[in-house]
Amino acid sequence: MLQQFQNHLSIHFPFLKGKKLLLAVSGGLDSMVLLHLFQQLDYEIMVLHCNFQLRGLESFGDQQFIQDYTSQNNIPLSFTQFDTETFAKDYKLSTQLAARELRYSWFYEQLEIQEGDYILTAHHADDNLETFFINLSRGTGLDGLNGIPAQNDTIIRPLLPFTRKEIEEYAAKKDLKWREDSSNASDKYLRNKIRHHLIPILKELNPNFMSSFEKTQGYLQESKELVDDAAVMVYQQVAKEKGDEIYFDLNQLLKLSNYKSYLYQWLTEFGFTAWDDIYDLATNQSGKQVFAPQFRLVKDREYLILSPLQESKAEKEFLIEENQTKVNFPLNLLFSNVTEMGTVSNSAIFVDKDTLQFPLTLRHWNEGDVFQPFGMNGQSKKVSKLFKDEKLSLIDKENIWLLCSDNQIVWVIGIRQDERFKINSKTKTILKIAIE
């Protein structure tokens, strides 16, 4: 097995040479075999051990076993202890999920503290098979059926090609010692039920089941690559990226008979889970939204717009004093007295300074805001109607600021000036206000 393991590392993980590797070692059979294999090879290693305090004295026995082993073999060790049950209760997580969150959070901390390059875990082929059935039982797509990835960024699982039987045989041959986790014998967890009852039956039905499963996963991974390639090609036809936002053209998207699959492929990485709501969004009325923890998807006329969630915009007003020549927040504006009026545009207006009451204010628009658009001879218009005429998306509207004088709108910034503050024959001082 050592030679096979070394060949596997050379072919699939040649970049590990010369790097500092942090090995996650629980003290169980799999992790002790992983540690022993690396001891035979020329790599810089360090052991990480987590004591989750879930099995009383047994957990501390595991910790002591690791401390003794690393000390006797001159292997650097870093270990920690977690109050897993309290963490699970506080964050309303299952014990298994809580342990996972704590473990990987600490692993990533150790990467920085120990100046390591990669974290290596002892997941093997049987773990991968169990994960396949867990995901299958809960309902999953190709990602879930592909099981445990060999690499996730800095997390590497070099034992994945090896079965539990091969690992047991290696441990017996090398007379290795390890700690038995008593919880592995319990059927309390779904993984153990699959391990103890389902998989033995499958192996009995087909003695070469592990080999067949490996082939099947290979086919699934190839299918996933085809799906990924198709998703990229269609994305280029349907989506346009504008700053932090992505616009999905519904005219193009809805021509696809399987548009829901593409939406899932594109949006799953952004943390969305309400897939039925997202699929309905494509045919819903404008203004409907679906939220993820850090993103939202908005239906706006002929587009679905993906954008990051912004901090809540409480009703804030920013004051501008009469002697100010520049504003840097929440947007950049320049104020200057000029002798003659230039061209009015979306980015610059000219107003009669004497009609203004200072301090001016900058604020977001509110439902019901009314102004008198420049050039409309004093006719009033709702700001919301202006937005509709300009075909602004919901996100565009949220980013619009109003420049106001004594609660009267001077400028819907970047769109239209108000008629009441325009230059006339009696104007003594012309103030130019421009977006920098």
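**Note on a sheet and its aromatic neighbours**

1. Helix α10, which spans residues 209-238, lies across strands β7 and β8 (245-249) and runs at about 65° to β7. Helices (H or I, at least four residues) and strands (E, at least two) are DSSP runs numbered from the N terminus, axes are lines fitted to C-alpha atoms, for helices over the stretch in contact, with angles from 0 to 180 degrees between N-to-C directions, and contact means heavy atoms within 4.5 Å.

2. Please keep in mind that this is a predicted model, in which local features need pLDDT of at least 70 and side-chain atom pairs count only at pLDDT 80 or more, while totals for chains, interfaces and linings use all residues. Residues are numbered from 1 along each chain as its sequence is written, and side-chain values use heavy atoms, with hydrogens and water left out.

3. The sheet is open and has five strands in the order β7-β8-β11-β10-β9, with antiparallel pairing (two strands pair if DSSP finds at least two bridges between them). Because β7 (239-242) and β9 (289-291) stand at the edges with a single partner strand each, one side of each is left without a neighbour in the sheet. From one strand to the next, the twist averages 20°.

4. The structure holds 22 aromatic pairs, where rings of Phe, Tyr and Trp (its six-membered ring) pair if their centres lie within 6.5 Å, and planes under 30 degrees apart count as stacked, over 60 as edge-to-face and the rest as tilted. One of them joins F13 and F15, whose ring centres are 6.0 Å apart and whose planes stand at 85°, so this pair is edge-to-face. With 4% relative accessibility F13 counts as buried, whereas F15, at 30%, is partly exposed (buried means under 20% relative accessible area, exposed over 50%, partly exposed in between, with a 1.4 Å probe and protein chains only).

5. The rings of F87 and Y91 have their centres 4.7 Å apart and their planes at 35°, so the pair is tilted. Here F87 is partly exposed at 22% relative accessibility, while Y91 is exposed at 55%.

6. F5, F38, Y43 and F162 form one aromatic cluster, and K17 lies over the face of Y43, at 4.5 Å from the ring centre. Likewise, K242 lies over the face of Y247, at 4.4 Å from the ring centre; a charge sits over a ring if NZ of Lys or CZ of Arg is within 6 Å of the ring centre and within 35 degrees of the ring normal.
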